[in-house]
Amino acid sequence: MDRTHRWARVCYDTHAPTAYSGVQALFGIVQGGTIPEFRDESTELVTSIPFDGYAIGGLAVGETKEEMHRITRQVCEGLPSDKPRYLMGVGSPEDLVNGVALGVDMFDCVLPTRVARNGALFTPTGRINIANRRYGDQDVPLDETCDCYACQHYSAAYLRHLFKAGEMLGPRMASVHNLRFVLRLMEQMRDAIAGGRFVEFRDRFLGAYQPTDEQSRQTQKHRWIRERGV
Ligand SMILES: [Zn+2]
């Protein structure tokens, strides 16, 4: 971690005096894997540099969800409360809700579009596969509560047809829907926090949303990595 911390200092010292300071936000990244002592050390060192915000790196890389939550909670407790926190590489809808509950403000992840290309779409009750036969005669939108372009213009049956026919519009519309789903989820969480009812929102969401099980999550991720040759 020493090299990472030296690099953080060099990065700050190089960028802070430039014209970008105050225009672009520079974040320090806390590392340390899943080892609690390393995380504490990294949190202390990185937060000693006055970055605009702090990121939690080195998670969502194959560790269990329990480990990810444990480390996220630990690091968040050591971050300043007046700077934004960013959990890198997360994640699924349930991970976003759990992350916010642990004190995270920002996320980034390829998951919404990566799974959309394979026909997996987010709904308030969990992730579904649009190629499933049951959607063949669903002449209403996949998610009637969704205001995305796909749900406003196309039925679930038509989206299924697009995937079955190998039409490029299928993955595109699925991506539009999944991105809107996660952005709307973040909007709903912001509203719930502002209204003082986040815990109620979290419990209701997690009670209704069926997460993808760990095994199929890992299988899909490995298949995706193999296809990309990384
Ligand atoms: Zn939609």
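In this predicted model, T123 touches I128, L142, F181 and Y209, leaving aside residues up to four places away in sequence; contact here means heavy atoms within 4.5 Å. T123 sits in strand β5, residues 120-123, where strands are DSSP runs of E with at least two residues, helices are runs of H or I with at least four, and both are numbered from the N terminus. T123 is buried, at a relative accessible area of 6% (buried is under 20%, exposed over 50%, partly exposed in between, with a 1.4 Å probe and protein chains only).

A word on the bookkeeping. Residues are numbered from 1 along each chain as its sequence is written, and side-chain values use heavy atoms, without hydrogens or water. As the model is predicted, local features need pLDDT of at least 70 and side-chain atom pairs count only at pLDDT 80 or more, while totals for chains, interfaces and linings use all residues.

Most residues other than glycine have a negative phi, and most peptide bonds are trans. V90 and G91, however, are joined by a cis peptide bond with omega about 0°, and G91 belongs to the loop between β3 (85-88) and α4 (93-102). A60 is not a glycine, yet its phi is positive, about 60°. A60 lies in the loop between β2 (53-56) and α3 and is partly exposed, with a relative accessible area of 22%.

On to the metal. The zinc ion is held by C146 (SG), C148 (SG), C151 (SG) and H177 (ND1) at 2.1 to 2.4 Å; donors are N, O and S atoms within 2.8 Å of the metal (3.2 Å for Na, K and Ca), and sites may look incomplete as water is not among the atoms. Angles among the four donor atoms run from 98 to 118°, making the site tetrahedral (for four donors, all angles between 85 and 135 degrees). The donor residues follow the spacing C-x1-C-x2-C-x25-H in sequence, and both C146 and C148 are buried.

Finally, the helix pair. Helix α2 (residues 36-47) packs against helix α3 (residues 65-78) at about 35°, with the axes 10 Å apart; axes are lines fitted to C-alpha atoms over the stretch in contact, and angles run from 0 to 180 degrees between N-to-C directions. From α2 the contact draws on P36, R39, D40, T43 and T47, and from α3 on R70, I71, Q74, V75 and G78.

Definitions and conventions
Four donors count as tetrahedral if all angles lie between 85 and 135 degrees; four count as square planar and six as octahedral if opposite donors are over 155 degrees apart and all others between 65 and 115; anything else is irregular.
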